Amino acid sequence: MLFTEAKFVAVGVGMTWRESHPDCSASFPQECREQCMESDNSMNTPYHKPVLLDEVMDFMLPAEGKLIVDATLGGGGHTEAMLEAGAKVIGVDQDEQAHEFAAERLKPHASSFTPLRGNFSDLPDILQGVGVNKVDGILIDIGVSSWQLDEASRGFSFGKEGPLDMRMDRSRGETAADLVNHLPEQELRTIFYEYGEERAGSKLARRIVERRQDKPFTTTTDLADFIASIQPRSKGPAGKIHPATRVFQALRIAVNDELGALRTFLNNASKLLNPGGRLLVITFHSLEDRMVKQFFRHASQSHVDRKEWPEPRPNPDYQYQMMTRRPVTAGEDELRDNKRSRSAKLRVVEKR
Ligand SMILES: C[S@@+](CC[C@H](N)C(=O)[O-])C[C@H]1O[C@@H](n2cnc3c(N)ncnc32)[C@H](O)[C@@H]1O
């Protein structure tokens, strides 16, 4: 059997992986890939290769007696390494397929591993649900996994035909098609400018609104081809990226309220950490990294100052000690092995 995109296009909203792959004799995505790869080498990729794994281990220092939360479980790569180092791990993901996949893959560690489904913006409630108030470390490795990107039916990739969905949690919220087909032009423009830093945001929003009156957008390739027809690839280095890249990034951020979830998470994290507990955040684009940098900088200052004050005052938000003055990035070996690591930035703070 071929593991073709056609198989994935059949995935419906709220379906489990099993329901969406009725013809596959394997019981989980990884096995399905492995079986199907025998007849299709183009799918020769693992679920997701964890980025900055050595660096995460060096800062998190997982060990027996420690309880760590991996709040972006994905394929469970970071979690697995922390379990192997002897820590107990609670793994959280809002994506049902990721949760199902990692829970199965990490079954051999069942006594130390608790997989949970949810959004990291709700972390205090999620942990309370399993009777946990404090932990020794929290990791978030934000964005989408390689699996989600590869999976045409999830609608994240402009290169693969699939429904224009982009929701990580398919049990709720609006899809990218809902936004593109119904938001006022002004809101689309703001999303393209602010989340995609797309300079042609105005023109694209206007043309999308004109086109949707005749024919709403339903698929990833329909939208990507339409954008490419308005602004073809430029010559030179900028032409290497597809013209729809920024719009797709912007829609994904809007659909999943990625910046809102990160802000809420940052505001909550400190009260979940034991003194000495560490918070590790890996980001992949400048909007997120800027938010993390500013938050960590402010929360690790003992005093704050303003021009109009005669002297600095104690900072009521002083919660952390900064562990990384500059973001940690991938070394040469990782850059060579994993293209995705190119834009990864890790920042770390420690609870006082
Ligand atoms: C980059 S992958 C993580 C990969 C993981 N570290 C590994 O080693 O396999 C990001 C994962 O985080 C999940 N995710 C993103 N935002 C989330 C949020 N707000 N709450 C919970 N999970 C989220 C995605 O569904 C995806 O599975």
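The buried residues of helix 14 pack against helix 7 (123-129), strand 4 (135-141), helix 13 (245-255), strand 5 and helix 15. This is a predicted model. The chain has 16 helices and nine strands. Of its 352 residues, 41% are buried.

**Helix 14**

- The buried residues here are E258, L262, F265, A269 and L272.
- Helix 14 has 15 residues. From first C-alpha to last, helix 14 reaches 21 Å, close to the 21 Å expected at 1.5 Å a residue.
- The helix also has a kink of about 30°, centred on L266.

**Helix 15**

- Helix 15 covers residues 286-299, which is 14 residues. At 1.5 Å a residue these should span 20 Å, and the end C-alpha atoms are 20 Å apart, so the two values agree.
- Which residues of helix 15 are buried? They are E288, D289, V292, F295, F296 and A299.
- Seen down the axis of helix 15, these buried residues fall within an arc of 135°, so they line one face of the helix.
- An α-helix has 3.6 residues a turn, so residues three or four places apart point the same way.
- The face of helix 15 turned away from the buried side carries exposed residues: S286, R290 and Q294.

**Helix 6**

- Helix 6 spans residues 96-105. Seven of its 10 residues are buried, so helix 6 is largely enclosed by the rest of the structure.
- The buried ones are Q97, A98, H99, F101, A102, A103 and R105.

**Two residues with positive phi**

- M166 is not a glycine, yet has a positive phi of about 75°. M166 sits in the loop between helix 8 (146-150) and helix 9 (176-182).
- Is M166 buried or exposed? M166 has 27 other C-beta atoms within 10 Å. A residue counts as buried at 20 or more, so M166 is buried.
- E197 is not a glycine either, and has a positive phi of about 50°. E197 is in the loop between helix 10 (185-196) and helix 11 (201-214).
- E197 has 14 other C-beta atoms within 10 Å, so E197 is partly exposed.

- Among contacts in the chain with a separation of 6 or more, 65% are between residues 24 or more positions apart.
- K66 lies in the loop between helix 4 (53-60) and strand 1 (67-70). K66 and G277 are 211 residues apart in sequence. In space, C-alpha to C-alpha, K66 and G277 are 9.6 Å apart.
- Leaving out residues up to four places away in sequence, K66 touches A87, D136 and G137. K66 has 19 C-beta neighbours inside 10 Å, so K66 counts as partly exposed.
- S157 is in the loop between helix 8 and helix 9. S157 and A224 are 67 residues apart along the chain, and their C-alpha atoms are separated by 9.2 Å.
- S157 touches L149, A152 and T220, again leaving out residues up to four places away in sequence. With 19 C-beta neighbours inside 10 Å, S157 counts as partly exposed.
- Where is D122? D122 is in the loop between strand 3 (113-117) and helix 7. D122 and N268 are 146 residues apart along the chain, and their C-alpha atoms are separated by 8.8 Å.
- D122 has 17 C-beta neighbours inside 10 Å, so D122 counts as partly exposed.

Conventions:
Residues numbered from 1 in each chain as written. Predicted model: local features only at pLDDT ≥ 70, side-chain atom pairs only at ≥ 80, totals over all residues. Helix = DSSP H or I, 4+ residues; strand = E, 2+ residues; numbered from the N terminus. Expected span 1.5 Å × (residues − 1). Buried ≥ 20, exposed ≤ 12 C-beta atoms within 10 Å, placed from the backbone. Arc of directions from axis to C-beta. Bend = angle between axes of the 7 residues up to and from the residue. Contact = placed C-beta atoms within 7 Å.
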